[in-house]
Structures are given as structure tokens and as C-alpha cells.
Amino acid sequence: MQPFRKHTGVAVPLDRANIDTDQIIPKQFLKRIERTGYGEFLFYDWRFDSDGTPLPEFVLNQPQYRAASILIAGRNFGCGSSREHAPWALAQHGFRAIIAPTFADIFSNNALKNGLLPVALAESAVCELMRRAERAPFELTVDLEALSVSAADGFEAKFHINEFARHCLLNGLDDIGLTLQREADIARFEAARPAWMPSLTASR
Amino acid sequence: MDKKPRTLFEKIWDAHVVAQSAAEPSLLYIDLHLVHEVTSPQAFDGLRQAGRRVRRPELTVATIDHNVPTTPDRLVIQDPVAAAQIRALRRNAEEFGITLFDIGSGRQGIVHVIGPELGLTQPGMTIVCGDSHTSTHGAFGALAFGIGTSEVEHVLATQSLQQHKPQTMLVRIEGALPAGVTAKDMALGIIGRIGTDGATGHVVEYAGEAVRSLSMEGRMTLCNMTIEAGARAGLVAPDEATFSYLAGRAYAPQGAAWDAAVARWRTLPTDPGAEFDRIVEIRAEELEPYVTWGTSPAMVVPVTSAVPDPRNAASEAERQGAARALEYMGLVPGTPIDTIPVDRVFIGSCTNSRLEDLRAAARVVNGRKVSARVRAMVVPGSEAIKRSAEAEGLHRVFLAAGFEWREPGCSMCLGMNPDILAPQERCAATSNRNFEGRQGRGGRTHLVSPEMAAAAAIAGHFVDVRSFHLDRPNAASSVNPAQERTLNAAVS
């Protein structure tokens with residue numbers, strides 16, 4: 001996983017609540033078996049008309065936000081399906097952090113495993129950043145070590161993230177590797193499971 | 001010494017913690033891992049790249065549901081990308097020694113339908129799948145939740161997951177459900193009250209007389225929709241209904257093992273005095289048949305009411321969201337719900353495709369005809385359900401009325417297969433999400449119960465199933481031309 005320590009980039013405002021994973025990456029792009037190549041399909045039905053022509057009014061198509069790497073959005077970002085294609089599409093499009101008042105649980109887990117940082121700020125702070133980003137693109141710095149979001153003009157807000165996720169992101173750790181270090185604990189647990197629990201070995 | 005009273009969730013959690021330390025999330029053992037074609041190929045690739053194996057292939061089961069066409073020629077998949085994804089699952093199952101219930105095996109179906117019907121889903125278990133509607137299995141008192149593909153890989157490699165303990169929420173529904181009000185309406189009624197993020201970070205336990213009175217199918221519908229309130233999982237305590245559903249199923253314990261299992265399952269229900277982080281109480285009598293009007297399951301009203309006016313929304317953000325949803329849905333505030341015409345009707349999905357759902361829809365349809373303006377289809381949740389329904393003659397009821405009777409799969413719930421809406425087509429659907437474009441770009445989805453979907457198919461518009469005369473075939477089966485004009489004027 002790509003580590004995340006500190007990132008400075010242009011913020012783009014997407015002022016909608018409950019942005020679901022069907023919008024982030026529509027279903028027709030989930031048939032691929034690769035882990036990459038989703039960035040061009042991000043927010044597809046919002047970015048393009050049915051012929052594939054970019055819709056100029058959609059914020060990500062506006063030239064001043066093209067280079068944006070921090071997305072500012074409304075509450076409950078990433079609700080809906082468990083598709084990890086959603087954070088893949090965001091990250092592969094170039095986003096490193098999403099700032100919103102709240103995130104859906106599964107999306108948040110998936111994002112953290114892909115070096116994409118979900119930053120939950122108070123509704124008022126998100127609102128302020130949204131208004132400023134709408135006026136003109138500006139740069140924000142998201143600092144995972146300091147747990148802060150800041151701008152050159154003095155704006156600063158602190159955020160919280162669980163300590164283990166922070167540790168893994170800062171160091172780009174592979175959590176499967178960490179769990180495999182506990183192989184003995186898993187084996188001990190398995191030895192005590194009741195024999196009647198369902199198993200697919202016997203064909204029935 | 002008295003032990004602290006625990007909730008059902010806490011008992012399952014405690015029994016599955018492999019290891020915990022202050023610095024890390026708990027490592028939770030996973031009893032059953034369900035796999036489908038869409039969210040697994042990258043996980044298997046990850047294993048291959050790292051030279052890892054599947055730790056417990058016999059606790060892993062795969063099927064094909066999202067991409068499979070629902071026409072009789074479904075073995076030949078025209079879409080080359082979908083076909084490649086299905087081939088990848090077959091290859092991965094073979095390579096890693098995982099049981100695959102393939103198309104035509106007799107056991108294929110929607111992953112959340114076949115787990116319970118094969119008896120693989122049992123009380124007290126931990127169950128995961130790369131699919132948010134894994135919450136369905138909570139109907140059996142199993143802790144079941146959706147995960148992403150990285151976590152799928154983690155479970156394949158380690159049969160465990162790193163998890164932070166969620167909070168708990170009790171949703172208690174006392175009283176008796178009125179006639180014509182179903183488990184689907186309970187779910188929509190709850191989401192309408194608490195919102196699509198009302199249960200974020202929580203595991204919900206459903207309790208109360210109205211929940212106890214539900215069949216296992218109804219409990220599955222209720223738990224299935226729990227994710228639409230943002231919850232991690234939904235749970236119903238196991239009871240006699242649970243045990244009698246499971247007895248004799250293919251992977252349920254037998255003989256002495258059954259007795260041992262039931263004895264353990266009886267210890268699972270929440271102890272008196274156990275505490276929840278949040279409690280929501282609802283009276284069953286207050287629930288009605290619901291129809292969603294917008295692009296989120298919380299945008300829902302009783303069928304007896306009208307499309308709401310965004311100007312009455314509680315906040316500016318909600319007002320904007322509602323106005324945008326109405327524009328997408330082509331609806332005008334104040335339009336009575338039961339005048340909104342439908343073009344398509346979809347009865348199916350992991351929410352409402354079980355035998356009981358099909359029976360309920362067939363009771364409404366029996367002897368009537370689908371409105372000339374409607375294309376309607378029934379998609380059984382599994383090959384087993386299709387066989388059972390046909391043995392009862394349900395398919396003849398649907399076919400005689402003009403419904404299409406399809407092969408099992410996810411079908412129009414998310415349109416990853418050929419079953420999709422055309423732009424601006426309006427659909428009464430028994431599925432779980434009315435998100436923009438979910439059933440096809442520009443498609444307009446209204447979530448309802450199977451009975452309400454069946455009634456809409458006959459009437460050609462939404463109709464209160466409680467006033468739909470069950471004893472008078474075709475009493476409301478058609479819309480006259482004057483009504484048709486009114487209906488079309490009601491929507492843009």
C-alpha cells in the first residue's frame with residue numbers, strides 16, 4: 001500500500017450528501033477483473049453524457065479543478081455497496097484524501113486499505129471549505145502525522161482517525177502480513193471450534 | 001459471581017475474538033466466507049502474487065449471481081467482459097479448492113439466498129462476503145457483514161478479519177403488523193425514520209413482537225435492508241422459527257450434532273438487562289405499505305400520501321438533495337403516489353426473491369392480467385426456489401398474467417447483466433437501492449414490497465395493496481384512457 005504522511009493539493013467541491021458507490025463507479029465497470037484502470041470511469045454518469053461526451057457543468061470537468069487531489073463532499077460519503085472499485089477509482093483518478101462530515105463504514109475501511117485518506121471534519125468546517133473551494137480552487141494540506149487539515153491563509157482543523165489505521169497508512173503496512181504473524185493464535189482458535197459447524201468438505 | 005448481561009452481538013463477538021491487544025483492532029475469526037464473481041478476482045490475484053493459499057477452503061463457498069443473464073440461454077454469456085469474470089471465478093475456485101455452485105448445478109443462486117437455503121447460515125456464526133447485503137444472514141442470529149476486496153483477500157488468506165468493535169443499536173417494533181404491511185415495509189419505514197446513515201457504526205438488533213412474528217424470509221428481508229440505514233450488520237435472535245427453518249437442510253447439523261447445536265443456539269439471545277448504545281422504538285400499527293419517491297431508500301412515503309415538497313425539507317442540504325432527486329425521478333411535488341404510472345415491474349433480488357415473496361406476489365396476481373403499459377418480470381433467487389415455485393404452479397400464475405418468469409440471479413437489482421431499465425423508464429422494484437442509474441442509466445426505481453409490486457403491475461400504477469380487491473380479478477387491472485392521460489400528466 002502507498003503510505004500516506006502529508007499531502008498538499010487542490011481541493012474540489014462536490015456539494016452533495018449521500019454520494020453512493022454506484023455514483024462513484026457505476027456497475028458496468030465492475031465486470032473487469034483487474035485492480036487498475038478505474039480512474040477514467042470515476043463518477044462516470046455525472047461526468048459524461050450517454051455518448052461519452054464530458055458534461056462541462058460537472059465540477060471535475062472544469063479546467064480549474066482538473067489537477068485536484070482532495071475531494072470535499074457532503075455527509076455519508078460512500079454509502080451503498082461494498083465495491084472496493086470506488087476507492088480504486090478515486091485513487092486512480094488522482095485523489096489522495098476525501099474530506100466530508102461522515103463516511104459510510106465499508107467505504108471508509110476500503111479507502112484506508114488503498115492509501116486514500118477519509119478525513120471526517122465537523123459539518124461547519126466542511127461547509128467553510130466547500131464554499132471557499134467553490135469560489136476558487138485553493139490548496140489544502142492534509143497531514144496524517146499532525147492529524148490536521150490546513151491552508152496557507154491560516155485555516156486549520158484537526159481530525160481523528162483510529163490509531164492502528166493511522167499507523168498502517170503512515171507506514172504503508174500490509175495487514176495480511178501482520179495477521180499472518182498471529183498464525184498460532186488462529187490455529188489455537190480453530191482447534192476449539194465445534195465439529196458440527198458447517199463445512200464444505202463433505203459433499204451433501 | 002454474576003456475569004454482566006450481554007447482547008446477542010456481544011456474545012457472537014466475544015466467541016470469535018482470536019486475539020486482541022490495546023494497539024490493534026481485534027482479530028475476529030470468520031466461520032463462513034461467501035464469494036461471488038464481482039468482488040473476488042482481484043483478491044485471488046493478490047494471493048497468487050504473494051504466493052499465499054486459501055487457509056480454509058472448506059469454509060469458503062462461491063456462486064455466480066451478479067453477471068449471469070436470467071434468460072434460458074444463460075449458459076452462453078454474450079458480454080465478453082462479464083464472461084471473463086465468470087471464467088475467472090471458475091478458475092480460482094478450481095485452483096484454490098473452493099466449492100462453486102455454478103450455473104445449472106441445481107444450487108446456484110443469489111449468494112444471500114443460497115447460504116440460508118443450504119443451511120450454511122446458522123445462528124452464532126460470523127459470516128462475510130464482498131457484498132454489502134451480507135447483512136441478510138443476520139436473520140438467523142449470525143453476525144454477517146459486507147467487506148471490500150482487500151478484506152476478501154485477508155479472509156481468504158487468514159480466515160479472520162481485523163475489526164474494531166462496532167456500537168450496538170436496538171430497534172424494537174412492538175405490536176402487530178397491519179394486513180398488507182410486510183417486512184419490506186418495516187425496513188423502509190425504519191430507514192425513512194432514521195435515515196441512510198442512521199445506524200452507521202452500529203450493529204442493529206431487531207426485537208419486539210412484530211419482529212418475532214416474522215417468518216425467516218421476512219427476517220431476511222429486514223436484515224438485508226439494514227445496510228441501507230448504514231449499519232454494519234442486522235440481527236434477529238434465533239428462536240423456534242430459526243431452528244425449524246434450518247432442520248434438515250443440506251449443511252445443517254444432524255442427529256446428536258443438531259441437539260448440541262440447538263443447545264448452543266439457545267444461549268445466544270440478548271440477556272435481560274443488557275445495554276445498547278442506542279434504542280429506537282416503533283409501533284407496528286404505525287407502519288404502512290411504502291413507496292420510495294427519490295434516489296435514496298430514506299426518500300420514502302406511505303402509498304397513501306403524495307410526493308413531498310422539497311421546500312418542506314429540514315435543512316438546505318436536504319432540500320437540494322430532494323429537489324435533485326425529484327428532477328432525476330421526473331416527479332412533481334404533491335403528486336399522489338397512487339397516480340404514478342409504472343413501465344416496468346421487477347420482483348426479485350436478495351431482498352425479495354424467496355419462495356414466500358413469490359407466493360405473496362402470486363396471491364395478488366392470481367387470475368389477473370398485467371397492465372398493457374407494463375413489462376413485468378419475476379426472477380427467483382435461486383435454482384432451488386425456481387424448482388419449488390414451479391412445483392407449486394406459481395410460474396403458471398405469473399405467466400398467465402403476462403409476467404416473464406426468469407432464471408435465477410441478481411438481475412435488474414443492479415443491472416450488471418442484460419436486465420436493465422432504459423433511460424426514464426419507471427420501475428416498481430422489490431430490490432434494495434433506488435440510487436441514480438442503479439437499474440440502468442436514467443432509470444427511475446421505486447422500492448416496494450412484492451405485494452405492492454404485483455399490484456402495480458396489474459394496475460399500471462402504484463396502488464395501495466390493502467384496497468386492491470383480492471377477491472375481484474381485474475377490478476383494478478387496467479387504466480382507462482382518461483386516467484392514462486391524468487397519470488401521464490402527473491409525471492414529466
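Good morning. As the model is predicted, local features need pLDDT of at least 70 and side-chain atom pairs count only at pLDDT 80 or more, while totals for chains, interfaces and linings use all residues. Residues are numbered from 1 along each chain as its sequence is written, chains are lettered from A and ligands numbered from 1 in the order in which they are written, and side-chain values use heavy atoms, leaving out hydrogens and water.

I begin with the sheet. In chain B, 5 strands make an open, parallel sheet, in the order 17-16-15-18-19. Strands here are DSSP runs of E, at least two residues, and helices are runs of H or I, at least four, numbered from the N terminus; two strands pair if DSSP finds at least two bridges between them. Strand 18 (residues 426-429) of chain B joins strand 19 of chain B through 4 parallel bridges, and B:Ala429 has B:Leu447 as its bridge partner. Helix 11 (residues 316-329) of chain B packs on this sheet, touching strands 18 and 19 of chain B; contact means heavy atoms within 4.5 Å.

Next, the cores. A nonpolar core is a set of buried Ala, Val, Leu, Ile, Met, Phe, Trp, Tyr and Cys residues joined through side-chain atoms within 4.5 Å. Buried means under 20% relative accessible area, exposed over 50%, and partly exposed in between, with a 1.4 Å probe and protein chains only. The largest core has 98 residues, of which B:Phe44, B:Leu143, B:Ile173, B:Tyr206 and B:Trp265 touch the most other members. Helix 6 (residues 183-194) of chain B gives the largest share, 7 residues. Apart from this core lies another, of 92 residues, including B:Cys350 and B:Leu414.

What of the cysteines? With a disulfide taken as two cysteine sulfur atoms within 2.5 Å, the count over all chains is 0. For B:Cys223, the nearest cysteine sulfur, that of B:Cys350, is 12 Å away.

Finally, the backbone. Most residues other than glycine have a negative phi. A:Asn18, however, has a positive phi of about 55°, and is partly exposed at 27% relative accessible area. B:Ser349 has a positive phi of about 85°, yet is buried at 1%; B:Ser349 lies in the loop between strand 15 (344-347) and helix 12 (355-365) of chain B.

Terms used
Axes fitted to C-alpha atoms, helices over the stretch in contact; angles between N-to-C directions.
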